[in-house]
Amino acid sequence: MTKPKAPSPAPTTSEWVRRGRSKIHGGGLYAAKAIPKGTRVIEYVGERISKAEALRREEQRIAARAQGQDGCVYVFELNQRIDLDGDVSWNTARLANHSCDGNCETDVIRGKVWIIAVRDIAEGEEITYDYGFDFKDWHLHPCLCGSEKCVGYIVHSLHRWRVRRALKTQRVKIQWWFFR
Ligand SMILES: [Zn+2]
């Protein structure tokens, strides 16, 4: 006999945000009112999974992406053993888009992931943060944030110089080939 599936929890809410359509990508989160710097804007919830399970899901996502499906990454590292997969319907925080110059950051506080304002945010501004992706596979995640700091790809701010360098070398190679 199969176990009856538990109903999904209701989507999380926060007094600070509302959902909306994003200029950056699909759905987004917007400030419902002015948010002071340092505010815990919304908790990032999901399923707690082992590292092995996280790896299995990551491989699944890569395969799905290769077939042209949505291959977004929603996994957060909580500690050395446990990850948090935020790809669940009730995790409203997953709607927040990446920006290379975000107004928020994520932080793990006592086992919970929070999206926290790094500056004062005006009502109606889109909530964004640095997804902090690894340099590996950088070319798979184009960025449309449009900020002045944007390198065109979603990569952790510490790795952006490597993307710039990679793009430069590629251009040089292409030109060399073109003018030969
Ligand atoms: Zn960007």
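**Figure 1. Exposure of Ala66 in the predicted model.** Ala66 counts as exposed because 10 C-beta neighbours lie inside 10 Å; a residue is exposed if 12 or fewer other C-beta atoms lie within 10 Å of its own, buried if there are 20 or more, and partly exposed in between, with C-beta atoms placed from the backbone. Ala66 has its place in helix 1. Between the C-alpha atoms of Ala66 and His156, which are 90 residues apart along the chain, the separation is 23 Å. The structure is a predicted model, in which local features need pLDDT of at least 70 and side-chain atom pairs count only at pLDDT 80 or more, while totals for chains, interfaces and linings use all residues. Residue numbers start from 1 along each chain as its sequence is written.

**Figure 2. Overall arrangement of the protein.** Two helices and 10 strands make up the elements of the protein; helices (H or I, at least four residues) and strands (E, at least two) are DSSP runs, numbered from the N terminus. Their order from the N terminus on is β-β-β-β-α-β-β-β-β-β-β-α. The C-alpha trace spans about 65 × 50 × 30 Å along its principal axes. Of the 180 residues, 23% count as buried. Among contacts between residues at least 6 apart in sequence, 64% join residues at least 24 apart, two residues being in contact if their C-beta atoms, placed from the backbone, lie within 7 Å.

Figure 3. Three strands, in the order 4-6-5, form an open sheet with antiparallel pairing; two strands pair if DSSP finds at least two bridges between them. Strand 4 (47-50) and strand 5 (75-77) are the edge strands, each pairing on one side only. From one strand to the next, the twist averages 35°. Helix 1 (residues 51-66) packs on this sheet and touches strand 4, strand 5 and strand 6. The direction of helix 1 makes about 100° with that of strand 4; axes are lines fitted to C-alpha atoms, for helices over the stretch in contact, and angles run from 0 to 180 degrees between N-to-C directions.

**Figure 4. Bridge partners along strand 6.** Strand 4 and strand 6 are joined in the antiparallel sense over four bridges, and Glu47 stands opposite Asp85 in strand 6. Three bridges link strand 5 to strand 6 (residues 82-85), again in antiparallel fashion. Asp85 is the bridge partner of Val75, and Leu84 that of Phe76. Strand 5 and strand 6 form a hairpin with four residues between them.

**Figure 5. The hairpin of strands 8 and 9.** Strand 8 (residues 104-109) pairs with strand 9 (residues 112-117) in the antiparallel sense over six bridges. Cys104 stands opposite Ala117 in strand 9. Two residues lie between the strands of this hairpin, and Arg110 in the turn has a positive phi of about 45°.

**Figure 6. Nonpolar cores.** The largest nonpolar core has 18 residues, and Val17, Val41, Ile115 and Ile127 have the most contacts inside it; such a core is a set of buried Ala, Val, Leu, Ile, Met, Phe, Trp, Tyr and Cys residues joined through C-beta atoms within 7 Å. At least two residues of this core come from each of strand 2 (27-31), strand 3 (40-44) and strand 9. Leaving aside neighbours within four places in sequence, Val17 is in contact with Leu29, Tyr30, Ala31, Ala32, Val41, Ile42 and Ile127. Another core, of eight residues, lies apart from the largest one and has Cys100, Tyr131, Trp138 and Cys143 among its members.
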